[in-house]
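Please keep the sequence and the model in view while I talk.

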Amino acid sequence: TTFHTLKMLQLVSLFFLLIPLGVSSIYDGPLYDSTAYTQCKRYPEKPLYGGGIFKHNIAQINTNISSSLVVIYNLTQNTIYSFSAWVRVEGLDSVMIRARLEAENDIYNCIGTVSAKRGCWSFLKGGFVLNSPSNSYAIIFQSADGKDVGMNIASLSLQPFTKQEWRFNQEYIINNKRKRAVTIHVSDTNGMKLQGASVRLEQISKDFPIGSAIAKTILGNTPYQNWFVKRFNAAVFENELKWYATEPHQGRINYTISDQMLQFVRSNKILARGHNIFWEDPKYTPAWVLNLTGTELESAVNSRIKSLMNQYKTEFIHWDVSNEMLHFDFYEERLGPNATFQFFEAAHESDPLATLFMNDFNVVETCNDVNSSVDAYIFKIKELKQHGVFMDGIGLEGHFTIPNPPLIRAILDKLATLDLPIWLTEIDISKTLDQETQAIYLEQVLREGFSHPSVNGIMLWTALHPYGCYQMCLTDNDMKNLPSGDMVDKLLQEWQTGHVEGVTEEHGSYSFYGFLGEYRVSVEYGKRTINSTFSLGSGDETRHVTVTL
């Protein structure tokens with residue numbers, strides 16, 4: 001909006017010294033446009049960025065019965081491109097349209113998708129990082145299932161960002177959404193302002209949850225516990241709450257391990273996500289459940305919900321209710337299409353203060369998976385809402401191989417239109433890559449998550465076992481950091497307020513920008529000293545804290 005653009009320009013000079021980009025002190029690059037739409041419209045909106053380079057760089061647009069093709073020239077290597085278009089199809093009520101980019105020596109199989117409809121216009125948003133030089137490029141729109149479909153394309157936009165420009169936009173959002181201005185006012189008991197008072201501040205806890213999966217291997221392992229507590233303020237149990245772990249044999253329920261893990265979490269003031277109540281993948285369903293049908297299965301699932309929620313009511317901030325329901329439907333096949341709705345209702349009744357999440361993979365990792373496209377996710381959420389389901393959170397697993405930053409951001413933009421909390425719940429990078437490359441890609445993903453204003457928390461999927469980790473470890477078994485662990489430490493350090501020291505000016509005040517969280521403040525004036533604490537929550541206005549000596 002115009003307001004936010006003006007606000008950005010006003011704050012550029014304030015924040016720029018904090019951004020290690022090595023670019024001009026006056027930013028004149030593009031400002032990222034987070035606009036997104038999920039509704040099908042009678043007419044397409046105007047193109048983002050005024051069309052970007054499409055204003056004067058489209059060679060031709062060809063449309064036939066099976067695809068639409070846009071030919072462009074003069075794209076820049078090692079550049080980030082944000083891409084969007086409006087799509088309308090003909091002949092079919094609804095079809096998933098996938099956009100891909102073809103260069104002379106490379107193919108980007110998916111740079112964005114949209115569930116397009118007949119008779120109205122749907123918004124596709126995505127992007128790509130151009131790695132290969134080419135004389136010409138083609139953006140091709142086709143149905144994801146390969147079927148012939150007529151389509152119309154409008155309001156094309158392709159906006160380039162250098163990596164420095166992309167980073168600047170991330171840093172602006174971090175400074176605007178994850179930090180806040182604070183003014184400390186120092187006076188005596190008569191209200192007289194005190195100039196020259198020494199002020200020392202320290203952030204003692206963070207508002208934004210960043211954590212990792214843990215496993216039972218953390219129990220009794222003091223070095224692992226100390227390493228974890230030093231870094232993270234959130235946790236999720238990798239497998240220990242899953243049905244196959246708590247009830248491997250019918251009627252023999254055992255919460256001993258998960259109770260002990262919860263005790264560790266609670267004693268260290270760490271938030272915990274509940275993962276999960278049910279898993280729709282039959283491969284991870286208890287063996288004894290696979291043979292149940294009808295009333296026997298109904299009785300078993302009701303017992304599972306009642307037992308688990310009674311055991312842990314109010315203990316977990318979230319519950320992943322029906323894990324990976326976009327890809328699997330074990331319970332719907334056996335209990336009917338409304339089974340998942342009933343799971344959410346029962347979970348809400350049992351623990352009304354917990355936030356109930358969908359949780360699935362290949363939503364932000366890629367747009368090649370038609371089962372978990374961003375529009376498929378949105379459709380499922382709206383379907384749950386229509387059935388009166390209390391579903392309050394968007395869980396995105398994030399098991400990446402090669403991340404596509406502008407696609408990640410575009411998908412988050414679309415999901416943000418639902419106005420629900422978004423969490424990245426299981427972040428890791430494929431073990432098919434070497435450790436240094438894992439660390440590079442992990443930084444890209446974490447920066448996209450932390451700098452998106454609608455992301456409320458980030459969890460890594462890095463529980464440590466003697467054999468290693470699921471895909472990516474942060475340390476070795478001696479608790480020595482691997483490259484990804486060093487990267488996490490670097491970002492955790494970057495995303496917290498260090499020790500701040502200053503002196504009150506003539507008005508008896510001292511100001512600074514700090515990351516949201518809890519602070520300890522110490523003020524010294526002459527021979528008098530006072531210590532206090534205050535909370536810095538989100539807000540647009542400056543937080544004023546008064547300290548009286």
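Predicted model: local features only at pLDDT ≥ 70, side-chain atom pairs only at ≥ 80, totals over all residues.

**Cavities, pocket, helices and strands**

Let me begin with the second largest cavity, whose lining has, by class, eight nonpolar, two polar and two charged residues, where Ala, Val, Leu, Ile, Met, Phe, Trp, Tyr, Cys and Pro count as nonpolar, Asp, Glu, Lys and Arg as charged, and the others, Gly among them, as polar. Residues are numbered from 1 along each chain as its sequence is written, and side-chain values use heavy atoms, with hydrogens and water left out.

By cavity I mean a set of points, on a 1 Å grid over the protein atoms alone, where a 1.4 Å probe fits but cannot get out, whereas a pocket is an open set with protein on both sides within 12 Å along at least five of seven lines, and lining residues have an atom within 4 Å of a point. Grid points are joined across faces, edges and corners, and a volume is the space filled by probe spheres set on the points.

The second largest cavity has a volume of about 50 Å³, and its lining includes Trp243, Tyr284, Arg304 and Tyr331. Its largest share, four residues, comes from β13; helices (H or I, at least four residues) and strands (E, at least two) are DSSP runs, numbered from the N terminus.

The largest cavity holds about 70 Å³ of space, and of the 13 residues that line it, Tyr224, Trp227, Thr462, Leu464 and Leu474 are the closest to its centre. Its lining has ten nonpolar, three polar and no charged residues, with α3 giving the most, three residues.

What, then, lines the largest pocket? There are 30 lining residues, with Val129, Pro403, Asn404, Pro405 and Gln444 nearest the centre, around about 900 Å³ of space. The lining divides into 15 nonpolar, nine polar and six charged residues, and α12 supplies the largest share, six residues.

Both α2 and α11 are among the elements that each supply at least two residues of that lining, and their axes come within 12 Å and cross at roughly 35°, axes being lines fitted to C-alpha atoms, for helices over the stretch in contact, with angles running from 0 to 180 degrees between N-to-C directions. In this contact (heavy atoms within 4.5 Å), Trp166, Gln170 and Ile173 in α2 meet Pro405, Pro406 and Arg409 in α11.

Helix α2 also lies across β9 and β21, running at about 45° to β9, which brings me to the sheet. Three strands form an open sheet in the order β21-β9-β24, with mixed pairing, where two strands pair if DSSP finds at least two bridges between them. Because β21 and β24 stand at the edges, each with a single partner strand, one side of each is left without a neighbour in the sheet. The twist averages 25° from one strand to the next. Strands β9 and β24 pair in the parallel sense over six bridges, and the bridge partner of Thr183 in β24 is His544.

Finally, β22 and β23 run antiparallel, joined by nine bridges, and form a hairpin with two residues between them, where Gly526 in the turn has a positive phi of about 60°.
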